[in-house]
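Hi,

Here is the structure I promised to pass on.

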Amino acid sequence: MADIASLQSEILATVAGAADEAALEAVRVATLGKKGSVSALLATMGSLSPDERKFQGPKFNGLRDAVTEAITARKVRLADAALDARLASETLDVTLPSRFENSGTVHPISQVLEEVVAIFAELGFGVAEGPDVEFDDYNFTRLNIPPDHPARQMQDTFYVAAQADGDSHVLRTHTSPVQVRTMLNAKPPIRVISPGRTYRVDSDATHSPMFHQVEALVVDEGIHLGHLKWTVEQFCKAFFEIDQIELRARPSFFPFTEPSLEWDMRCDRRTPGKITFGTGNDWLELGGSGMVHRKVLENCGIDPTKYQGFAFGFGLDRMAMLKYGMPDIRSFFESDLRWLKHYGFQPLDIPTLDGGLSR
Amino acid sequence: MKFTLSWLKEHLDTDADAAKIGEKLTSIGLEVESITDPGAALKNFVVGEVITADRHPNADKLRLCTVSDGKDTLQIVCGAPNARAGIKVVLARPGTVIPASGDVLKLGNIRGVESRGMMCSARELLLGEDHDGIIELKAGAMVGAPVAAALEEAGLLANDPLFDVSITPNRGDAASVFGIARDLAASGLGTLKAEKIQPVAGKFPSSKKITLDFTPENKNACPIFAGRLIRGVKNGPAPQWVQDRLKSVGMKSISALVDATNLISQDRGRPLHVFDADKLSGNLHARMAIDHERVLALDEKTYVLDPDTIVIADDSFARGIAGVMGGMDTGSFGDTVNVFIESAWFDPAHIARTGRKQAIISDARYRFERGVDPQFVLPGLELCTQYILEWCGGEASNVVIAGELPPPHKPIPFDPAFVQKLGGITVPQGEIKRILEALGFVVDSNWLVVPPSWRHDVDGPADLVEEVVRIHGLQGVTSVPLPRTSGVAAPVLSKAQRRTRTARRALAARGFNETVSFSFISRDQAKLFGGGDDARQLSNPIASDLDALRPSVLPSLLAAASRNAARGSANLQLFEIGAAFDSGVPGEQKNVAAAIRAGTGERHWQKSDVASGLFAAKTDLLAALEAITGAPMSAPITQGGPGWYHPGRSGTITMGPKVIAQFGEIHPKVLAAFDLKGPAAGFEIFLDAIPDAKSKGKAKPLFLPSPYQAIERDFAFVVDAKLAASEIVKAVKLADRNLIDGVTVFDVYEGKGVPDGKKSVAVAVRIQPKDATLTEAEIDALAQKIVAATIKLGATLRA
C-alpha cells in the first residue's frame with residue numbers, strides 16, 4: 001500500500017506548512033475530521049476481509065496516530081512562536097532608572113550612642129535620661145559646685161530667662177545632673193550611664209554650643225579607682241574594636257569627684273587626618289573621671305561611709321569623630337544632606353556585640 | 001601659668017631636662033599645655049672645628065674644608081667667606097633636618113668634590129637674618145657637643161625651655177613658680193630650695209595707718225591687711241634680669257615698682273599693690289563698696305561697684321577693687337617718690353563674684369579667687385620691700401597690720417588604709433607620710449593631718465588620698481573587674497527608650513536622613529510654632545538668632561531644608577528625634593520624632609505621586625507609628641492640626657486623652673518664613689504620649705483562620721462632599737462587626753454624574769464568614785444592612 005505511505009507524507013508536509021493555528025485546524029478537519037481523508041480511510045476498515053483488516057488495520061491506525069501527533073506538536077510550536085513574538089514586543093530598556101527611593105540614614109551621634117549603650121548594657125549599666133533645662137541645684141550645687149566656685153567658670157553656662165515663679169534655670173552643662181536625679185531616686189547598688197545633649201556658651205572651630213555627653217556612674221560598697229580603670233579599659237577596647245589599647249591616667253580636678261583624673265589613650269597621629277590607636281607617641285584625651293565626692297553622695301542621700309562610687313564622662317560627638325574620622329564637630333549639627341549621607345549609617349546596621357558594633 | 005626652666009631652677013635643684021619635667025608635671029596633675037624649647041630643633045647639630053680651609057680645586061668662590069666633629073674629620077665644601085681654619089662652627093651632618101628649609105641634609109657632591117656636611121648660618125637655623133657667613137662660636141665651645149649651650153654663649157639662642165601649664169581651679173597654690181617647684185620636689189624630681197625671707201627692719205613709723213572697716217557679717221571678706229611705706233624711691237626700669245624674666249613668660253615690663261609686684265605674683269603667687277603714697281588722702285581702709293561707688297581702674301575703665309565688692313579706700317574715695325585691680329589715680333608711675341605697699345588676704349568667693357560681675361580678668365583675681373597663702377602676707381610684703389629698696393632705693397617704714405591671720409586648717413583624721421580602699425593602690429605607710437609631708441602637710445603619730453596654709457582644697461580623707469595617689473603615680477592603680485550583675489546581661493532600655501530607637505530606625509528605613517539640630521532657634525521662628533515667649537528665651541544666647549528654646553522640632557527641620565535647598569538639594573526627607581520645650585522649667589519638655597518631606601520630588605521618567613503632599617506624610621507617619629506600637633494604627637484621625645500646618649490639609653491622631661501625633665502639609669506662610677520655595681509636608685510624633693501596650697505575656701494569641709472563603713463586595717455611596725470618609729468606613733464596619741473584616745476606600749469622585757456639593761465614595765467590603773459559607777440571600781441581607789447603616793450619614797447608593 002504505497003498509497004498510505006505517500007498519503008502520510010503528504011499530510012505531514014501540510015501540517016508542517018500550516019502557518020498559524022487556523023491553517024492547522026483546517027488541516028486537522030481535512031484529515032481527522034468527520035469527512036477527513038484519514039477518517040475516510042479508517043471508515044473503509046469495516047468493509048475489509050478479516051485477513052486484510054489484520055494486515056491494513058495497523059497501517060491505518062499508524063497513519064492516524066502519526067497525523068494526530070504531528071498536529072499536536074505543530075500546535076505547541078505555533079503557540080510558543082506566538083508567545084515569543086509577544087514577549088519580544090514587550091521588551092523594556094532595563095538600563096532606565098528604577099523608581100527613586102531616598103536612602104535613609106541614622107546620624108552618627110545616634111549610632112555611636114547605641115554602640116555605647118550596647119557595651120554598657122553588657123556590663124549591667126542602665127540608661128538614665130533627664131531634662132535639657134535643669135535646676136541650678138542639680139547642675140551645680142549638689143555636685144559640690146557652690147555659687148562662687150571658680151569651677152563654674154570652667155563651664156560657660158546658658159541661662160534660661162527667669163520664670164514666672166522667679167526661678168532661673170540653666171541648660172545643663174553636663175549630664176551629671178542626671179546622676180544626681182538617679183541617686184536621689186535609687187538606692188545603691190547603682191550602675192547607669194546618662195547620655196544626652198549638653199550646652200555651653202562656646203563656639204569656635206573645636207567647640208559647639210551644643211554637644212553630647214555620656215557619663216557612667218557606679219555606686220556600691222567597696223568601689224575604688226581600680227574598678228574605674230577596668231571599666232574605662234573595657235569600654236575603650238570594645239568601643240574602638242581593637243584588642244590592644246594603652247591608657248594613661250592624669251590627676252585632674254572636678255568638684256564632684258575626689259580623687260579626679262583624666263584618661264588619655266595612646267595613639268599615632270603622625271599622618272595628618274589619621275589616628276591609629278594602641279601605638280605611637282601621642283596621647284589622645286578621652287574624658288574626665290574620678291571617685292564620686294563624699295559631699296555629692298551626701299547631697300544625693302547616699303551614705304558616704306558605706307558606699308563609694310566612680311563616675312566618668314566623655315563627649316559622644318568626640319568619640320564619633322575619633323572612631324569614624326569626622327574632622328569637625330560643628331558639621332554634626334548643620335544638617336547638610338551631603339554630610340548626613342556621607343557619615344550617616346544604614347538603617348539596618350544596628351550595633352550589637354554579637355555581630356560587631358560596626359561593619 | 002608660664003615659666004621657664006631657668007626660673008624653675010631658682011626654686012628647684014634638679015638635673016632633669018625639660019621633657020622629663022614636662023612628663024612629671026602632667027603625671028602629678030599640673031597638665032602641660034606646651035613646652036617651647038628653642039634648642040629642641042637643634043639637638044642633632046654639634047659644635048665643629050674647622051681644621052683646614054683651602055681653595056676648592058674647581059671653584060674660586062668655594063672653600064674645601066676639613067672639619068672635626070670631635071670624633072671624625074669630615075670633608076666639607078663651603079661657600080661662606082668667613083670659613084677659615086681654627087674657628088668653631090655649627091655643624092650639620094648628613095641626615096640632619098635644616099630648620100629654615102625643613103630639608104634633610106644629604107651627602108653632597110659640589111663641583112666634583114664630595115661634601116659630608118654643612119656649616120650653618122644663623123638664618124639656616126632660624127636664629128636670625130644673618131646669612132653673610134657661617135656662625136662663629138666662642139673659641140671655648142666643646143667640639144662634638146650639642147650646639148645649644150654654645151649658641152647660648154654666643155648670644156644667638158635663649159636656650160631656656162618655656163612651660164605652659166594649665167592649673168585646675170582648686171590649685172591656687174600652683175599658680176606660682178615656687179608652688180610648682182614644691183610639687184615637683186614632692187614627686188621626687190629634685191630638691192626644693194626653700195630660703196627664708198628675711199624681714200627688713202623699719203627705719204621710721206608708717207604715717208599711713210590701716211583699718212578694716214567691716215560689719216560683723218562681712219568681716220571674713222578681708223581678715224588681714226598689712227602694708228608699709230617706702231619713701232624716697234626712684235622709679236625707673238627694673239634691672240635687666242627682671243625685665244628678661246617677665247618677658248620670658250610673656251609679661252610686660254612696666255617699671256621697677258610695678259615689675260616688683262608682678263614678679264612676686266608670678267614667682268610666689270602673692271599679689272601685691274604699690275600705691276603712690278602722695279596721692280592717697282589720709283589712711284587706708286579695707287571695706288565694702290558703697291552702692292554705685294565708682295573706681296577708675298588701672299585698665300583706664302571706670303567700674304560701678306555694688307556693696308558686695310571689697311575695696312581699698314583712703315579717707316576720701318575707693319582707690320582700688322580689692323584683689324582684682326588697683327586704681328589709676330593712686331598708681332605708681334615714673335614720678336612716684338613715696339610708695340605704700342599693700343599685702344592682704346581676701347575671701348576667694350568675694351573676689352570671684354566681683355571678677356565675674358565686672359568681667360575683669362587679672363592675675364590678682366586669678367590667684368585670689370583660687371585662694372592664696374595667708375601665711376605669705378608678711379613674707380610677700382618683706383620680699384617686695386627688699387626688691388624696691390634694691391632697685392629704687394629709699395627707706396622703709398615699719399610694717400602696719402590690721403586684723404590677724406586666719407587660723408590654721410582643721411586637722412583631718414586619716415586612715416592610711418583609705419588609700420587602698422578608695423584609690424585601689426598599695427602605697428606603704430612610710431611613703432604616704434613622706435608624700436604628705438613633702439607637700440607641706442603636718443602628719444602626727446595618730447594620723448591627724450593638718451593641710452598647709454596654702455592649700456584650700458583639702459578638707460577630707462578623699463583629698464588626702466588624691467594627694468598620695470597623684471604624687472605616687474596613677475600607673476600604680478591595678479584594674480579590678482566590676483562584679484557581674486547577672487549571668488546573661490539583662491535588658492536595660494525602658495519602653496520609652498525602645499520607642500525612640502524604633503522610631504529612628506523605622507524612619508531611616510523609609511528613606512529619611514536623621515539630623516541633630518540645636519535645641520535653640522530664633523525667636524521669630526519659635527513664634528510660628530507656638531513658642532517665642534519670654535519664659536523660653538535664653539538670657540545669654542550665643543547668637544541673636546539662637547535665642548529661643550524650640551517649641552517644636554519642625555522649625556529645625558525646615559531651616560535645614562532651606563539651607564540644603566540653597567545648596568541645590570531641594571528634594572529631601574529629614575527627621576530628628578529630640579526635645580521640644582513647653583516652658584523654661586526643667587521637665588516641661590517633650591521627646592518628639594519629627595520628619596519632613598520637602599520639594600517636588602526627584603523627576604522620573606515614569607509619573608509618580610506628589611512627593612511632599614499630605615498623603616506621603618501620612619503614609620510615613622502611619623508606618624512609623626506601626627513600627628513604634630507594634631500594630632497597625634487604629635487610633636482615630638481627626639481633620640485639622642496646629643497652625644503651622646495647612647488648615648485644610650492636616651490631621652491629628654489621639655490615643656485616649658492624648659495627642660500622639662499631628663501631620664500635614666506645611667502652611668505656606670511658614671514655608672515663606674523659612675524661605676522655602678517648594679512644598680513641604682511633615683509630622684510630629686509625641687513619643688512620650690504613646691501609652692505602653694498592655695503586657696499580655698510573650699505568647700501570641702492562637703492562630704485561628706476561618707475555613708470559609710472571604711468575599712468582597714463593592715459599594716459606591718453618594719454623600720455630602722464635606723463628610724469625612726472615615727465616617728462612612730466606620731458606619732459600614734458597624735453594620736455587622738461579626739462578618740465585616742475590612743472596609744477600604746478605593747475611589748472618591750466629584751463631578752459629572754454626581755450632584756453639586758456631593759461626592760461619590762466607593763468602598764470595598766471584605767466579608768469573612770466564621771461559621772458557614774454565606775448564601776446569596778445572606779449576602780443580600782448584609783448588603784441591605786450596610787446600606788441602612790449609611791443612610792443616617794445622608795448617603796445614598798450610587799446608581
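This is a predicted model: local features need pLDDT of at least 70, side-chain atom pairs count only at pLDDT 80 or more; totals for chains, interfaces and linings use all residues.

Residues are numbered from 1 along each chain as its sequence is written, with chains lettered from A and ligands numbered from 1 in the order in which they are written.

The contact between the chains takes 73 residues from chain A and 78 from chain B (in contact means C-beta atoms, placed from the backbone, within 7 Å). On the chain A side, helix H8 (residues 225-240) gives the largest share, 7 residues. Helices (H or I, at least four residues) and strands (E, at least two) are DSSP runs, numbered from the N terminus.

Chain B is divided into six pieces, among them domain 1 (2-38 + 161-192) and domain 3 (210-403); the bounds come from an automatic or database domain assignment. The C-alpha centres of these two domains of chain B are 27 Å apart, and 13 residues of domain 1 touch 14 of domain 3. Strand S1 (2-4) and helix H4 (177-186) of chain B each supply at least two residues of the domain 1 side.

Chain B also has an open, mixed sheet of 5 strands, ordered S13-S16-S19-S20-S21 (strands pair if DSSP finds at least two bridges between them). S13 (210-213) and S21 (325-326) of chain B each have a single partner strand, so one side of each lacks a neighbour in the sheet. S16 (residues 284-288) and S19 (residues 310-313) of chain B pair antiparallel over 4 bridges, with B:His285 opposite B:Ala313.

Cheers

Terms used: Two residues are in contact if their C-beta atoms, placed from the backbone, lie within 7 Å.
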